[in-house]
Amino acid sequence: MTLTLTRTTAALLAALTILSAVGGAFAVGGAAAVPDARITVGEIDVSPNPPTAGERTALNVTVSNSGGSDAAANVTAVRVRDADGDVLDSVSGVGALSAGDSLDATLWTTFAEPGEKRLTVEAVANQSTSGEFVTVTRATVIEVRPIEVALDLRTRALDPEDLRSDDGSQGAAADLGVGGIQGIFGGGGGLDASTDGRQGEASPPVPDSPVEVTVVNTGTTTADRVSLRAVGTAVDGGGTGTPGDAGAGGEGDETVSAGPFVVGDVAPGEERQVIVDLGPLDRRSEVTVTATFRADTDARDDRGADRTAVSTVTYPVREATPTVTDATVRDGEDGAVVVDANLGNAGSGEMTGAVVSVGDAPGVEPTPAGGEYFVGTLGAGDFVGFELEPTVNASVAEEIPIRVTYTERGVRYTETLPVAAPEPADETDTGGALGRIGVGGVGSAGAVAGGLALVGLAGAVGAAVRSGRIGGSTGRRDGSAP
(Lines give C-alpha, C1' and ligand atoms only; values in the text may rest on other atoms or scores of the structure.)
Protein backbone atom coordinates (compact mmCIF):
# COMPACT_ATOMS: atom_id res chain seq x y z
CA MET A 1 0.00 0.00 0.00
CA THR A 2 1.35 3.40 -0.88
CA LEU A 3 0.97 6.23 1.71
CA THR A 4 0.28 9.54 0.09
CA LEU A 5 1.38 12.48 2.21
CA THR A 6 -0.98 15.32 2.21
CA ARG A 7 0.01 18.84 3.26
CA THR A 8 -1.66 18.33 6.65
CA THR A 9 0.14 15.06 7.33
CA ALA A 10 3.50 16.56 6.46
CA ALA A 11 2.89 19.45 8.84
CA LEU A 12 1.97 17.05 11.67
CA LEU A 13 5.13 14.99 11.20
CA ALA A 14 7.26 18.11 11.25
CA ALA A 15 5.66 19.23 14.50
CA LEU A 16 6.33 15.86 16.15
CA THR A 17 9.98 16.02 15.10
CA ILE A 18 10.37 19.48 16.71
CA LEU A 19 8.74 18.36 19.97
CA SER A 20 11.04 15.34 20.17
CA ALA A 21 14.09 17.54 19.77
CA VAL A 22 12.86 19.99 22.40
CA GLY A 23 12.15 17.15 24.85
CA GLY A 24 15.69 15.89 24.50
CA ALA A 25 17.01 19.36 25.17
CA PHE A 26 14.99 19.54 28.44
CA ALA A 27 16.42 16.24 29.59
CA VAL A 28 19.98 17.36 28.93
CA GLY A 29 19.33 20.67 30.62
CA GLY A 30 17.91 18.90 33.71
CA ALA A 31 21.00 16.75 34.09
CA ALA A 32 23.30 19.76 33.74
CA ALA A 33 21.43 21.57 36.60
CA VAL A 34 22.78 19.23 39.34
CA PRO A 35 24.84 21.54 41.62
CA ASP A 36 28.51 20.89 42.26
CA ALA A 37 28.02 21.54 46.00
CA ARG A 38 25.42 19.25 47.53
CA ILE A 39 24.07 21.23 50.49
CA THR A 40 21.56 19.72 52.96
CA VAL A 41 19.75 20.95 56.10
CA GLY A 42 19.75 18.40 58.92
CA GLU A 43 17.27 17.81 61.73
CA ILE A 44 16.00 20.94 63.48
CA ASP A 45 16.52 20.88 67.24
CA VAL A 46 14.05 22.99 69.25
CA SER A 47 14.93 24.34 72.69
CA PRO A 48 13.05 24.31 74.98
CA ASN A 49 11.15 21.36 73.63
CA PRO A 50 8.24 21.75 73.60
CA PRO A 51 8.23 25.54 73.74
CA THR A 52 5.61 27.60 75.53
CA ALA A 53 3.63 30.48 74.07
CA GLY A 54 5.44 33.73 74.75
CA GLU A 55 8.70 31.93 75.45
CA ARG A 56 11.86 32.69 73.45
CA THR A 57 12.60 29.56 71.44
CA ALA A 58 15.85 28.48 69.78
CA LEU A 59 15.96 26.53 66.50
CA ASN A 60 19.35 24.83 66.20
CA VAL A 61 20.09 23.96 62.56
CA THR A 62 22.94 21.92 61.02
CA VAL A 63 23.92 22.65 57.38
CA SER A 64 26.14 20.10 55.62
CA ASN A 65 28.03 19.73 52.34
CA SER A 66 27.97 16.10 51.20
CA GLY A 67 31.25 14.21 51.07
CA GLY A 68 30.53 13.41 47.42
CA SER A 69 30.31 17.09 46.43
CA ASP A 70 32.50 18.30 43.57
CA ALA A 71 32.97 21.75 45.08
CA ALA A 72 33.08 23.73 48.30
CA ALA A 73 30.39 26.24 49.18
CA ASN A 74 29.97 29.38 51.23
CA VAL A 75 26.75 29.43 53.29
CA THR A 76 25.61 33.02 53.02
CA ALA A 77 22.30 32.85 54.92
CA VAL A 78 20.09 30.60 57.03
CA ARG A 79 16.54 31.71 57.78
CA VAL A 80 13.24 30.38 59.09
CA ARG A 81 9.83 31.15 57.63
CA ASP A 82 6.36 30.59 59.07
CA ALA A 83 3.46 28.92 57.25
CA ASP A 84 2.66 32.22 55.48
CA GLY A 85 6.21 32.57 54.17
CA ASP A 86 7.17 35.42 56.47
CA VAL A 87 10.76 35.40 57.74
CA LEU A 88 10.85 34.97 61.54
CA ASP A 89 14.64 35.13 61.92
CA SER A 90 17.73 35.05 59.72
CA VAL A 91 21.51 34.80 60.14
CA SER A 92 24.04 35.73 57.44
CA GLY A 93 27.68 34.97 56.74
CA VAL A 94 27.36 31.54 58.34
CA GLY A 95 30.62 30.14 56.95
CA ALA A 96 32.35 28.03 54.30
CA LEU A 97 31.84 24.30 53.78
CA SER A 98 34.28 21.96 52.13
CA ALA A 99 33.06 18.58 50.91
CA GLY A 100 32.03 16.50 53.95
CA ASP A 101 31.92 19.50 56.35
CA SER A 102 28.99 20.82 58.37
CA LEU A 103 28.25 23.87 60.49
CA ASP A 104 25.59 24.95 62.99
CA ALA A 105 23.38 27.99 63.11
CA THR A 106 20.84 29.11 65.72
CA LEU A 107 17.63 30.92 64.87
CA TRP A 108 15.34 32.51 67.45
CA THR A 109 11.64 33.14 67.51
CA THR A 110 8.67 33.53 69.87
CA PHE A 111 5.20 32.08 69.37
CA ALA A 112 2.41 34.33 70.53
CA GLU A 113 -0.24 31.60 70.61
CA PRO A 114 -0.18 27.88 71.47
CA GLY A 115 -0.88 25.19 68.90
CA GLU A 116 0.76 23.49 65.92
CA LYS A 117 3.31 25.65 64.07
CA ARG A 118 4.62 24.75 60.59
CA LEU A 119 8.04 26.22 59.84
CA THR A 120 10.50 26.05 56.95
CA VAL A 121 14.24 26.50 57.36
CA GLU A 122 16.20 27.71 54.30
CA ALA A 123 19.95 27.57 53.72
CA VAL A 124 21.49 29.61 50.88
CA ALA A 125 24.99 28.67 49.65
CA ASN A 126 27.31 30.13 46.98
CA GLN A 127 29.17 27.42 44.99
CA SER A 128 32.89 28.03 44.74
CA THR A 129 33.22 26.62 41.22
CA SER A 130 30.41 28.35 39.36
CA GLY A 131 29.49 31.16 41.72
CA GLU A 132 25.85 30.11 41.47
CA PHE A 133 23.60 30.20 44.51
CA VAL A 134 21.89 27.06 45.78
CA THR A 135 18.91 27.21 48.13
CA VAL A 136 17.83 24.12 50.11
CA THR A 137 14.93 23.86 52.58
CA ARG A 138 13.64 21.63 55.34
CA ALA A 139 10.17 21.75 56.87
CA THR A 140 9.28 21.00 60.49
CA VAL A 141 6.21 21.07 62.75
CA ILE A 142 6.41 22.35 66.34
CA GLU A 143 3.74 21.96 69.00
CA VAL A 144 3.61 25.06 71.23
CA ARG A 145 2.17 24.64 74.74
CA PRO A 146 -0.11 27.18 76.40
CA ILE A 147 1.20 29.17 79.36
CA GLU A 148 0.43 27.39 82.64
CA VAL A 149 1.58 28.89 85.93
CA ALA A 150 1.44 26.17 88.61
CA LEU A 151 3.52 25.60 91.73
CA ASP A 152 2.99 22.58 93.98
CA LEU A 153 4.00 22.87 97.64
CA ARG A 154 4.49 19.77 99.82
CA THR A 155 5.33 19.73 103.52
CA ARG A 156 6.46 16.97 105.86
CA ALA A 157 7.15 17.29 109.58
CA LEU A 158 10.51 15.92 110.69
CA ASP A 159 11.95 15.02 114.06
CA PRO A 160 15.16 16.88 114.98
CA GLU A 161 16.74 13.44 115.37
CA ASP A 162 16.24 12.93 111.63
CA LEU A 163 18.92 15.57 111.07
CA ARG A 164 21.51 14.09 113.39
CA SER A 165 24.29 11.82 112.26
CA ASP A 166 24.54 8.22 113.43
CA ASP A 167 26.92 9.18 116.26
CA GLY A 168 24.42 11.68 117.64
CA SER A 169 26.32 14.78 116.52
CA GLN A 170 24.78 17.76 114.79
CA GLY A 171 26.81 17.29 111.63
CA ALA A 172 23.92 15.92 109.62
CA ALA A 173 22.22 19.31 109.67
CA ALA A 174 25.22 20.87 107.98
CA ASP A 175 25.81 17.88 105.74
CA LEU A 176 22.11 17.75 104.84
CA GLY A 177 21.51 14.23 106.04
CA VAL A 178 18.01 14.21 104.54
CA GLY A 179 18.28 13.26 100.86
CA GLY A 180 17.85 16.06 98.35
CA ILE A 181 17.70 18.93 100.88
CA GLN A 182 19.28 22.07 99.47
CA GLY A 183 19.23 24.38 102.48
CA ILE A 184 17.98 25.11 105.99
CA PHE A 185 15.99 28.23 106.78
CA GLY A 186 15.23 29.91 110.07
CA GLY A 187 15.97 29.08 113.69
CA GLY A 188 19.62 28.73 114.63
CA GLY A 189 20.59 27.73 111.11
CA GLY A 190 19.47 30.81 109.24
CA LEU A 191 20.76 29.35 105.99
CA ASP A 192 19.95 30.29 102.44
CA ALA A 193 19.33 27.51 99.93
CA SER A 194 22.16 28.85 97.80
CA THR A 195 24.70 28.04 100.52
CA ASP A 196 24.20 24.26 100.19
CA GLY A 197 23.30 24.11 103.86
CA ARG A 198 26.46 25.84 105.10
CA GLN A 199 27.01 29.21 106.73
CA GLY A 200 30.69 30.03 106.55
CA GLU A 201 32.77 27.30 108.17
CA ALA A 202 30.49 26.77 111.19
CA SER A 203 28.03 23.90 111.27
CA PRO A 204 24.49 25.14 112.00
CA PRO A 205 22.71 23.68 115.01
CA VAL A 206 20.03 21.07 114.54
CA PRO A 207 16.67 22.82 113.97
CA ASP A 208 14.23 22.81 116.90
CA SER A 209 11.18 22.04 114.77
CA PRO A 210 12.17 21.11 111.22
CA VAL A 211 9.65 20.88 108.40
CA GLU A 212 10.73 19.59 105.00
CA VAL A 213 9.29 21.77 102.23
CA THR A 214 9.32 20.60 98.61
CA VAL A 215 8.60 23.14 95.88
CA VAL A 216 7.69 21.61 92.50
CA ASN A 217 6.99 23.60 89.35
CA THR A 218 4.23 21.66 87.59
CA GLY A 219 3.51 24.43 85.10
CA THR A 220 5.00 25.33 81.73
CA THR A 221 6.73 28.55 82.72
CA THR A 222 9.36 29.50 85.32
CA ALA A 223 8.27 30.46 88.83
CA ASP A 224 10.40 33.50 89.69
CA ARG A 225 11.46 34.78 93.12
CA VAL A 226 9.89 31.97 95.13
CA SER A 227 9.84 32.72 98.87
CA LEU A 228 8.42 30.76 101.82
CA ARG A 229 6.63 31.83 104.98
CA ALA A 230 5.31 29.62 107.79
CA VAL A 231 2.58 30.61 110.25
CA GLY A 232 1.19 28.25 112.89
CA THR A 233 -1.57 28.24 115.50
CA ALA A 234 -2.04 25.85 118.40
CA VAL A 235 -4.33 22.90 117.84
CA ASP A 236 -7.55 23.29 119.83
CA GLY A 237 -10.42 20.90 120.20
CA GLY A 238 -11.49 19.04 123.33
CA GLY A 239 -11.12 15.27 123.13
CA THR A 240 -9.45 15.06 119.74
CA GLY A 241 -5.93 15.56 121.01
CA THR A 242 -5.65 18.91 122.73
CA PRO A 243 -2.08 19.92 123.55
CA GLY A 244 -1.56 21.00 127.15
CA ASP A 245 -4.61 21.61 129.27
CA ALA A 246 -8.04 21.66 127.66
CA GLY A 247 -8.58 24.98 125.95
CA ALA A 248 -4.92 25.90 125.66
CA GLY A 249 -4.00 27.71 122.50
CA GLY A 250 -7.37 29.08 121.45
CA GLU A 251 -8.22 30.09 117.93
CA GLY A 252 -6.17 32.95 116.59
CA ASP A 253 -3.31 32.41 119.07
CA GLU A 254 -0.23 32.47 116.86
CA THR A 255 2.39 30.02 118.03
CA VAL A 256 4.94 30.38 115.23
CA SER A 257 5.82 32.83 112.47
CA ALA A 258 8.88 32.19 110.33
CA GLY A 259 10.10 33.77 107.14
CA PRO A 260 10.00 34.93 104.48
CA PHE A 261 12.85 32.79 103.15
CA VAL A 262 14.04 33.16 99.55
CA VAL A 263 14.20 29.93 97.54
CA GLY A 264 14.85 31.53 94.14
CA ASP A 265 13.65 30.66 90.65
CA VAL A 266 12.18 27.24 89.90
CA ALA A 267 12.07 26.14 86.25
CA PRO A 268 9.26 24.02 84.76
CA GLY A 269 9.61 20.45 85.99
CA GLU A 270 12.22 21.45 88.59
CA GLU A 271 11.96 20.36 92.24
CA ARG A 272 13.57 22.21 95.16
CA GLN A 273 13.72 20.90 98.74
CA VAL A 274 14.56 22.95 101.82
CA ILE A 275 14.06 22.68 105.59
CA VAL A 276 12.17 25.41 107.42
CA ASP A 277 12.89 25.57 111.15
CA LEU A 278 9.79 26.67 113.06
CA GLY A 279 11.84 27.33 116.19
CA PRO A 280 10.93 26.15 119.72
CA LEU A 281 7.29 25.04 120.01
CA ASP A 282 5.63 24.17 123.33
CA ARG A 283 2.29 23.18 121.80
CA ARG A 284 1.17 21.08 118.91
CA SER A 285 0.44 23.48 116.07
CA GLU A 286 -1.22 23.56 112.68
CA VAL A 287 1.35 25.23 110.45
CA THR A 288 0.52 26.80 107.09
CA VAL A 289 3.45 27.18 104.70
CA THR A 290 2.86 29.66 101.88
CA ALA A 291 5.02 30.05 98.78
CA THR A 292 4.83 33.46 97.11
CA PHE A 293 6.10 33.80 93.55
CA ARG A 294 5.57 35.31 90.12
CA ALA A 295 5.73 33.77 86.67
CA ASP A 296 8.44 34.86 84.24
CA THR A 297 5.66 36.14 81.98
CA ASP A 298 4.39 38.41 84.78
CA ALA A 299 7.42 40.68 84.41
CA ARG A 300 6.38 41.46 80.84
CA ASP A 301 2.79 41.96 81.96
CA ASP A 302 3.88 44.25 84.82
CA ARG A 303 2.25 41.95 87.35
CA GLY A 304 3.52 41.72 90.93
CA ALA A 305 4.44 38.66 92.97
CA ASP A 306 0.88 37.90 94.06
CA ARG A 307 0.77 34.22 93.12
CA THR A 308 0.76 31.75 96.00
CA ALA A 309 0.80 28.04 96.77
CA VAL A 310 -0.18 26.73 100.21
CA SER A 311 0.39 23.54 102.22
CA THR A 312 -0.42 22.69 105.85
CA VAL A 313 1.31 20.38 108.31
CA THR A 314 0.80 19.52 111.97
CA TYR A 315 3.90 19.88 114.12
CA PRO A 316 5.18 17.97 115.90
CA VAL A 317 4.15 14.64 114.44
CA ARG A 318 2.15 12.71 117.06
CA GLU A 319 2.81 8.98 116.87
CA ALA A 320 1.52 7.78 120.24
CA THR A 321 -2.15 6.73 120.31
CA PRO A 322 -3.72 6.24 123.75
CA THR A 323 -6.68 3.90 124.01
CA VAL A 324 -8.80 2.57 126.89
CA THR A 325 -9.68 -1.10 126.55
CA ASP A 326 -11.21 -4.00 128.46
CA ALA A 327 -13.19 -1.62 130.65
CA THR A 328 -15.69 -2.82 133.27
CA VAL A 329 -17.71 -0.79 135.73
CA ARG A 330 -18.69 -2.30 139.09
CA ASP A 331 -20.06 -1.12 142.41
CA GLY A 332 -17.61 0.39 144.84
CA GLU A 333 -17.89 1.70 148.38
CA ASP A 334 -19.98 4.61 149.65
CA GLY A 335 -22.05 4.85 146.47
CA ALA A 336 -19.06 5.10 144.12
CA VAL A 337 -18.35 2.88 141.14
CA VAL A 338 -15.03 1.39 140.14
CA VAL A 339 -13.82 1.75 136.54
CA ASP A 340 -11.42 -1.12 135.94
CA ALA A 341 -9.64 -0.86 132.55
CA ASN A 342 -6.37 -0.85 130.64
CA LEU A 343 -4.60 2.17 129.17
CA GLY A 344 -2.82 1.07 126.01
CA ASN A 345 -0.61 2.73 123.42
CA ALA A 346 -1.71 1.59 119.96
CA GLY A 347 0.66 3.99 118.21
CA SER A 348 4.34 3.84 117.31
CA GLY A 349 5.62 6.65 119.56
CA GLU A 350 6.37 6.65 123.28
CA MET A 351 4.03 8.19 125.85
CA THR A 352 5.71 9.51 129.02
CA GLY A 353 4.24 10.84 132.24
CA ALA A 354 0.83 9.33 131.40
CA VAL A 355 -1.93 10.08 133.91
CA VAL A 356 -5.58 8.94 133.73
CA SER A 357 -8.31 10.79 135.59
CA VAL A 358 -12.07 11.21 135.65
CA GLY A 359 -13.23 13.88 133.21
CA ASP A 360 -16.19 16.22 133.41
CA ALA A 361 -19.65 14.96 132.44
CA PRO A 362 -23.23 15.37 133.73
CA GLY A 363 -23.84 13.05 136.66
CA VAL A 364 -20.15 12.08 137.02
CA GLU A 365 -17.91 13.28 139.86
CA PRO A 366 -14.43 11.99 140.84
CA THR A 367 -13.89 10.84 144.40
CA PRO A 368 -10.91 12.16 146.37
CA ALA A 369 -9.52 8.66 146.78
CA GLY A 370 -9.85 7.43 143.20
CA GLY A 371 -10.12 10.36 140.80
CA GLU A 372 -6.64 10.05 139.29
CA TYR A 373 -4.14 7.29 138.50
CA PHE A 374 -0.50 7.69 137.47
CA VAL A 375 0.50 5.27 134.72
CA GLY A 376 3.96 6.51 133.71
CA THR A 377 5.64 5.51 130.44
CA LEU A 378 3.99 3.46 127.72
CA GLY A 379 6.03 2.39 124.73
CA ALA A 380 4.54 1.29 121.43
CA GLY A 381 2.23 -1.66 122.13
CA ASP A 382 2.36 -1.33 125.95
CA PHE A 383 -0.72 -1.44 128.16
CA VAL A 384 -1.17 -0.93 131.91
CA GLY A 385 -4.21 -1.58 134.09
CA PHE A 386 -5.76 1.20 136.16
CA GLU A 387 -8.72 1.85 138.47
CA LEU A 388 -10.71 5.03 138.96
CA GLU A 389 -13.55 5.60 141.45
CA PRO A 390 -16.10 8.24 140.49
CA THR A 391 -19.64 8.70 141.73
CA VAL A 392 -22.11 8.23 138.89
CA ASN A 393 -25.78 9.23 138.71
CA ALA A 394 -26.90 6.41 136.47
CA SER A 395 -30.15 8.16 135.59
CA VAL A 396 -28.25 11.12 134.14
CA ALA A 397 -24.84 9.88 132.96
CA GLU A 398 -24.52 7.88 129.76
CA GLU A 399 -20.75 7.60 129.83
CA ILE A 400 -17.79 8.15 132.12
CA PRO A 401 -15.10 10.32 130.48
CA ILE A 402 -11.55 9.08 131.06
CA ARG A 403 -9.06 11.92 130.63
CA VAL A 404 -5.62 10.76 129.45
CA THR A 405 -2.74 13.22 129.78
CA TYR A 406 0.71 12.36 128.47
CA THR A 407 3.86 13.80 126.92
CA GLU A 408 5.33 12.95 123.54
CA ARG A 409 8.44 14.62 122.15
CA GLY A 410 8.27 17.29 124.83
CA VAL A 411 4.66 18.28 124.08
CA ARG A 412 1.89 17.63 126.62
CA TYR A 413 -1.37 16.23 125.24
CA THR A 414 -4.78 15.61 126.78
CA GLU A 415 -7.39 13.32 125.29
CA THR A 416 -10.75 12.24 126.64
CA LEU A 417 -11.90 8.68 125.98
CA PRO A 418 -15.38 7.52 127.08
CA VAL A 419 -16.38 4.40 129.00
CA ALA A 420 -20.01 3.32 129.15
CA ALA A 421 -21.72 4.31 132.43
CA PRO A 422 -23.63 1.70 134.47
CA GLU A 423 -27.28 1.23 133.63
CA PRO A 424 -29.87 2.35 136.18
CA ALA A 425 -30.62 -0.43 138.68
CA ASP A 426 -33.81 -2.39 137.98
CA GLU A 427 -36.17 -2.00 140.98
CA THR A 428 -37.27 -5.63 140.58
CA ASP A 429 -33.64 -6.84 140.52
CA THR A 430 -32.74 -8.49 143.85
CA GLY A 431 -29.18 -9.14 142.82
CA GLY A 432 -26.16 -6.87 142.95
CA ALA A 433 -26.10 -3.57 141.07
CA LEU A 434 -23.29 -4.41 138.64
CA GLY A 435 -22.78 -2.04 135.74
CA ARG A 436 -22.59 -3.12 132.15
CA ILE A 437 -19.28 -3.94 130.52
CA GLY A 438 -18.04 -1.28 128.13
CA VAL A 439 -15.04 -0.69 125.88
CA GLY A 440 -13.59 2.81 125.94
CA GLY A 441 -13.30 4.95 122.84
CA VAL A 442 -10.04 5.71 121.06
CA GLY A 443 -8.47 8.96 120.05
CA SER A 444 -8.44 8.33 116.31
CA ALA A 445 -9.96 6.08 113.68
CA GLY A 446 -6.58 4.51 113.09
CA ALA A 447 -6.43 3.41 116.73
CA VAL A 448 -9.76 1.55 116.64
CA ALA A 449 -8.21 -1.58 115.20
CA GLY A 450 -5.35 -1.31 117.67
CA GLY A 451 -7.82 -0.88 120.52
CA LEU A 452 -9.79 -3.96 119.54
CA ALA A 453 -6.57 -5.94 119.28
CA LEU A 454 -5.62 -4.83 122.76
CA VAL A 455 -9.02 -5.92 124.06
CA GLY A 456 -8.49 -9.42 122.74
CA LEU A 457 -4.99 -9.66 124.08
CA ALA A 458 -5.91 -8.25 127.47
CA GLY A 459 -8.78 -10.71 127.77
CA ALA A 460 -6.43 -13.56 126.98
CA VAL A 461 -4.12 -12.54 129.79
CA GLY A 462 -6.94 -13.18 132.29
CA ALA A 463 -8.14 -11.55 135.44
CA ALA A 464 -5.01 -12.45 137.42
CA VAL A 465 -2.70 -10.36 135.21
CA ARG A 466 -4.22 -7.05 134.19
CA SER A 467 -1.18 -5.17 132.96
CA GLY A 468 1.81 -5.78 130.75
CA ARG A 469 3.24 -5.34 127.26
CA ILE A 470 1.70 -6.71 124.13
CA GLY A 471 3.79 -9.77 123.38
CA GLY A 472 6.19 -9.30 126.26
CA SER A 473 7.14 -7.89 129.64
CA THR A 474 4.94 -7.17 132.62
CA GLY A 475 3.75 -3.71 133.56
CA ARG A 476 2.71 -1.93 136.74
CA ARG A 477 -0.51 -2.12 138.62
CA ASP A 478 0.28 -0.08 141.72
CA GLY A 479 0.48 3.25 139.92
CA SER A 480 4.02 3.95 140.97
CA ALA A 481 6.35 6.10 138.88
CA PRO A 482 8.66 4.26 136.47
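Colleague: What makes β20 and β22 count as paired strands?

Modeller: β20 and β22 are joined by five bridges, in the antiparallel sense. Pairing takes at least two bridges, so five will do. Keep in mind that this is a predicted model.

Colleague: Which residue is the bridge partner of V355 in β22?

Modeller: F374 is the partner of V355 there. V355 also has a bridge partner in β25, namely T405.

Colleague: How do you know that β20 and β25 (residues 399-408) pair?

Modeller: Count the bridges again. Five join β20 to β25, and the two strands run antiparallel. The rule asks for at least two, so this is a pair.

Colleague: Why is β20 called largely enclosed?

Modeller: Six of its eight residues are buried, so the rest of the structure largely encloses β20.

Colleague: Where does G349 lie?

Modeller: G349 is in the loop between β19 (337-345) and β20 (351-358).

Colleague: Is G349 buried or exposed, and how do you know?

Modeller: The relative accessible area of G349 is 6%. Buried means under 20%, so G349 is buried.

Colleague: Which residues does G349 touch, leaving out those up to four places away in sequence?

Modeller: They are E319, A320, L378, G379, A380 and E408. As for distance to V317, 32 residues away along the chain, the C-alpha atoms of V317 and G349 are separated by 9.6 Å.

Colleague: Turn to S102. Why is S102 called partly exposed?

Modeller: S102 has a relative accessible area of 47%. Buried needs under 20% and exposed needs over 50%, so 47% falls in between.

Colleague: Where is S102, and what does it touch?

Modeller: S102 is in strand β6 (residues 102-110). S102 touches T62, V63, S64 and L97, not counting residues up to four places away in sequence. S66 is 36 residues from S102 in sequence, and their C-alpha atoms are 8.6 Å apart.

Colleague: How many aromatic pairs does a search of the whole structure find?

Modeller: Three. One of them is Y373 with F386, at 6.4 Å centre to centre and 50 degrees between the planes.

Colleague: Why is the pair of Y373 and F386 called tilted?

Modeller: First check the distance. Centres must lie within 6.5 Å, and 6.4 Å passes. Next, the angle. Stacked needs under 30 degrees and edge-to-face needs over 60, so 50 degrees is tilted. The pair links distant parts of the chain: Y373 is in β22 (residues 372-378) and F386 is in β23 (residues 382-388), 13 residues apart.

Colleague: Are Y373 and F386 buried or exposed?

Modeller: Y373 has 13% relative accessibility, so Y373 counts as buried. F386 has 0%, so F386 counts as buried too.

Colleague: What makes Y406 and Y413 a tilted pair?

Modeller: Their centres are 5.6 Å apart, with 35 degrees between the planes. The distance is within 6.5 Å and the angle lies between 30 and 60 degrees, so the pair is tilted. Y406 is buried at 0% relative accessibility. Y413 is buried, with 0% as its value.

Colleague: Which residue lies over the face of Y413?

Modeller: R318 does, at 5.1 Å from the ring centre. R56 lies over the face of W108, at 4.1 Å from the ring centre. The distance limit is 6 Å, so both values pass.

Colleague: What makes β9 and β10 edge strands?

Modeller: Start with the sheet. Four strands form an open sheet in the order β9-β11-β15-β10, with mixed pairing. β9 (151-157) and β10 (184-185) each pair on one side only.

Colleague: How do you know that β11 (residues 210-217) and β15 (residues 271-277) pair?

Modeller: Seven bridges join them, and they run antiparallel. At least two are needed, so β11 and β15 pair. Within that pairing, E212 stands opposite I275 in β15.

Colleague: How many helices and strands does the protein chain have?

Modeller: The protein chain has four helices and 27 strands. Of its 482 residues, 40% count as buried.

How values were computed: Residues numbered from 1 in each chain as written. Predicted model: local features only at pLDDT ≥ 70, side-chain atom pairs only at ≥ 80, totals over all residues. Heavy atoms only, no water. Buried < 20%, exposed > 50% of the residue type's maximum accessible area, 1.4 Å probe, protein only. Contact = heavy atoms within 4.5 Å. Phe/Tyr/Trp six-rings, centres within 6.5 Å; stacked < 30°, edge-to-face > 60°. Lys NZ or Arg CZ within 6 Å of the ring centre and 35° of its normal.
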